[in-house]
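Take a moment to look over the sequence and the fold before reading on. The paragraphs below go through the helices, the core and the aromatic rings in turn.

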Amino acid sequence: MAGPASLLARTLHGFFTDDLPRQQAMSPPTLQSFRDSLKLFLQFVAGKKQEPSTLTFEQLTVEDTRAFLHRLEPVLKCVGSCSEGFWLRPRRRGPSIPKVG
């Protein structure tokens, strides 16, 4: 069972529900992407020791950020390779697209 939400959790909630949508005029898909990425990071930092909603600002360290990004690096390279291949495929094997004009 989760404990009371920390100042970090309350601040992030306000950031995603008030600041970004209104002040920054971000689209819902962008907000969802930011939220999902931050959620993964907080889950990584919390590990199995605690609930992400109970993390504090002081528990977010440069070392944890580096470790998280290092862990994602192989995944991001794969995504980049896969998406690059996806976009190149129609030029290689698909039907030609007629020129307009």
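What follows is a walk through a predicted model.

Begin with helix H1, which covers residues 7-23. H1 is bent by about 40°, and the bend is at Phe15. Which residues of H1 are buried? They are Leu8, Leu12, Phe16, Asp19 and Leu20. After H1 comes Ala25, with a positive phi near 55°.

Helix H2 includes Arg35. The C-alpha atom of Arg35 is 7.4 Å from that of Phe16, although 19 residues separate the two along the chain. Is Arg35 buried or partly exposed? Its relative accessible area is 43%, so Arg35 counts as partly exposed.

In soluble globular proteins, nonpolar side chains tend to be buried together. Here the largest nonpolar core has eight residues: Leu8, Leu12, Phe41, Leu42, Val45, Ala46, Leu55 and Phe68. H1 and H2 are the elements that give two or more residues to this core. The largest share, four residues, is from H2.

The aromatic rings come next. A pair of aromatic rings is described by the distance of the centres and the angle of the planes. How many aromatic pairs does the structure hold? There are three. One of them joins Phe15 and Phe16 edge-to-face, with 5.5 Å from centre to centre and 80° between the planes. Phe16 counts as buried because its relative accessibility is 16%, under the 20% limit. Phe15, with a relative accessible area of 34%, is partly exposed.

Phe44 and Phe68 form another pair, which is tilted: the centres are 5.5 Å apart and the planes are at 55°. Phe44 belongs to helix H2 and Phe68 to helix H3, residues 62-92, so this pair ties together parts that are 24 residues apart in sequence. Phe44 is partly exposed, at 24% relative accessible area, while Phe68 is buried, at 11% relative accessibility.

Leaving aside residues up to four places away in sequence, Phe68 touches Ser37, Leu40, Phe41 and Phe44. Phe68 also forms one aromatic cluster with Phe41 and Phe44, and both Phe41 and Phe68 are listed in the largest nonpolar core.

Methods:
Residues are numbered from 1 along each chain as its sequence is written. This is a predicted model: local features need pLDDT of at least 70, side-chain atom pairs count only at pLDDT 80 or more; totals for chains, interfaces and linings use all residues. Side-chain values use heavy atoms; hydrogens and water are left out. The bend at a residue is the angle between axes fitted to the seven residues ending there and the seven starting there. Buried means under 20% relative accessible area, exposed over 50%, partly exposed in between (1.4 Å probe, protein chains only). A nonpolar core is a set of buried Ala, Val, Leu, Ile, Met, Phe, Trp, Tyr and Cys residues joined through side-chain atoms within 4.5 Å. Contact means heavy atoms within 4.5 Å. Rings of Phe, Tyr and Trp (its six-membered ring) pair if their centres lie within 6.5 Å; planes under 30 degrees apart count as stacked, over 60 as edge-to-face and the rest as tilted.
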